[in-house]
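Subject: Structure handover

Hello,

Here is the structure I promised you. Please open it first, then read my notes beside it.

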Amino acid sequence: MEESAIIIENLTKKFEDKTAVEDLSLQVSKGELFGLLGPNGAGKTTAINILCGLIKPTSGTAKIYGYDVQKDAQKVKELIGVCIQETAIYPYLTGVENLALFGNLYAMNKKTIKERSNMLLTKMGLTEDAKRITAKYSGGMKRRLSLALALIHDPQIAFLDEPTVAMDPQSRHAVWDFIKEQKTKGKTIILTTHYMEEAEELCDRIGIIDHGKLIALGTPKELIAKNQVKNLEEVFIQLTGRNMREEL
Ligand SMILES: Nc1ncnc2c1ncn2[C@@H]1O[C@H](COP(=O)(O)OP(=O)(O)OP(=O)(O)O)[C@@H](O)[C@H]1O
Ligand SMILES: [Mg+2]
């Protein structure tokens with residue numbers, strides 16, 4: 001049986017004069033919670049967008065459960081759920097209606113949509129607001145609904161691009177619990193975050209990318225030990241430098 005959920009080989013993405021992802025090779029095992037970390041503009045979202053088939057790589061390959069993200073895009077779409085960085089919610093529908101819409105896109109039956117929606121709304125603390133128009137939701141509520149939408153069809157692999165940004169501490173912890181629960185169900189999760197304590201708490205392994213290149217890979221403990229520092233935040237600063245990045 002194939003043990004890798006994701007195999008990325010020599011993946012490169014160039015935008016005009018900017019190389020957003022450069023020669024990235026990486027393997028993620030089934031059931032692994034993998035954190036992709038890096039400064040603003042490092043190439044995290046670009047890499048995730050390629051894996052989800054949202055953009056084409058310039059060169060290299062990526063396979064999900066053995067399916068090529070380019071050639072077998074349809075198969076890949078059935079396996080994955082994506083919580084993209086920019087919130088994708090229909091503002092003039094309620095929370096429940098958004099979930100039903102996404103469920104229908106995945107050809108789920110009504111009963112399953114209802115069950116999954118209720119469960120996800122509860123986990124995300126949105127039950128009371130489920131029937132409100134989402135245009136009126138707060139930033140953190142929209143983020144929580146996005147996460148629910150990404151997982152409505154119970155995908156084997158979830159790509160979560162900064163899932164807890166703009167969330168209050170209670171919501172963030174609820175999301176952490178939910179992500180951990182997904183892991184106990186054998187799901188594979190790729191997570192990006194700028195919160196180092198979140199990465200340290202959740203991730204089995206971490207890849208740090210900078211200027212599109214993978215510069216470190218290992219468990220949080222391994223990275224901390226190898227760099228002889230106290231925590232992941234210090235690993236991050238040590239490897240990527242203290243200065244703010246100039247976006248080209
Ligand atoms: N569609 C595009 N056209 C041109 N350049 C792009 C495009 N998308 C991304 N880039 C550039 O590619 C680089 C990587 O961007 P990306 O969004 O992948 O970074 P990121 O690691 O997700 O950053 P952040 O932490 O800010 O979300 C940046 O320099 C960005 O400006
Ligand atoms: Mg990003």
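Start with the ligand. Helix α1 gives the shell around ligand 1 its largest share, three residues. (Helices are DSSP runs of H or I with at least four residues, strands are runs of E with at least two, and both are numbered from the N terminus.)

Before going on, some ground rules. This is a predicted model, where local features need pLDDT of at least 70, side-chain atom pairs count only at pLDDT 80 or more, and totals for chains, interfaces and linings use all residues. Residues are numbered from 1 along each chain as its sequence is written, while chains are lettered from A and ligands numbered from 1 in the order in which they are written.

**The ligand shell**

How many residues surround ligand 1? There are 14, and the closest are Phe15, Ala20, Asn40, Thr45 and Thr46. (A residue is near a molecule or strand if its C-beta atom, placed from the backbone, lies within 6 Å of it.) Two elements, β2 (18–29) and α1 (44–51), each supply at least two residues of this shell. Sorted by class, the shell has four nonpolar, seven polar and three charged residues. (Nonpolar means Ala, Val, Leu, Ile, Met, Phe, Trp, Tyr, Cys and Pro; charged means Asp, Glu, Lys and Arg; the others, Gly among them, are polar.)

**The sheet**

Now find the open sheet of six strands. Its order is β6-β7-β8-β3-β9-β10, and the pairing is mixed. (Two strands pair if DSSP finds at least two bridges between them.) At the edges are β6 (80–83) and β10 (213–218), each pairing on one side only. From one strand to the next, the twist averages 15°. (Axes are lines fitted to C-alpha atoms, for helices over the stretch in contact; angles run from 0 to 180 degrees between N-to-C directions.)

Look at β3 next. Five of its five residues are buried. (Buried means that 20 or more other C-beta atoms lie within 10 Å of the residue's own; exposed means 12 or fewer; partly exposed is in between; C-beta atoms are placed from the backbone.) In a regular strand, side chains alternate between the two faces of the sheet. Both faces of β3 are covered: Leu33, Gly35 and Leu37 are buried on one side, Phe34 and Leu36 on the other.

β3 runs parallel to β8 (residues 188–192), joined by four bridges. There, Gly35 has Leu191 as its bridge partner. β3 also runs parallel to β9, again with four bridges. Phe34 stands opposite Arg205 in that strand.

β9 (residues 205–210) and β10 are antiparallel, with five bridges. Asp210 stands opposite Lys213, and Ile208 opposite Ala216.

**The helices**

Helix α5 (residues 139–150) lies across β6 and β7 (157–161), at about 170° to β6. Helix α9 (residues 232–240) lies across β3 (33–37), β9 and β10, at about 30° to β9. (Contact means C-beta atoms, placed from the backbone, within 7 Å.)

Helix α3 (residues 95–105) has these buried residues: Gly95, Val96, Asn98, Leu99, Phe102 and Gly103. They are on the same side of α3, because they cover an arc of only 160° around the axis. (The arc is that of the directions from the helix axis to the C-beta atoms.) Their cover includes α4 (110–123) and α5.

**Positive phi values**

Most residues other than glycine have a negative phi. Which residues have a positive phi here? Asp154 has a phi near 55° and lies in the loop between α5 and β7. Asp154 is partly exposed, because 16 other C-beta atoms lie within 10 Å. Gln228 also has a phi near 55°, in the loop between α8 (220–226) and α9. Gln228 counts as exposed, because it has 9 C-beta neighbours inside 10 Å.

**One more residue**

Gln170 belongs to helix α6 (residues 169–184). Is Gln170 buried or exposed? Gln170 counts as exposed, because it has 10 C-beta neighbours inside 10 Å. From Ala73, Gln170 is 97 residues away in sequence and 37 Å away in space, C-alpha to C-alpha.

Best wishes

Notes
Contact = placed C-beta atoms within 7 Å.
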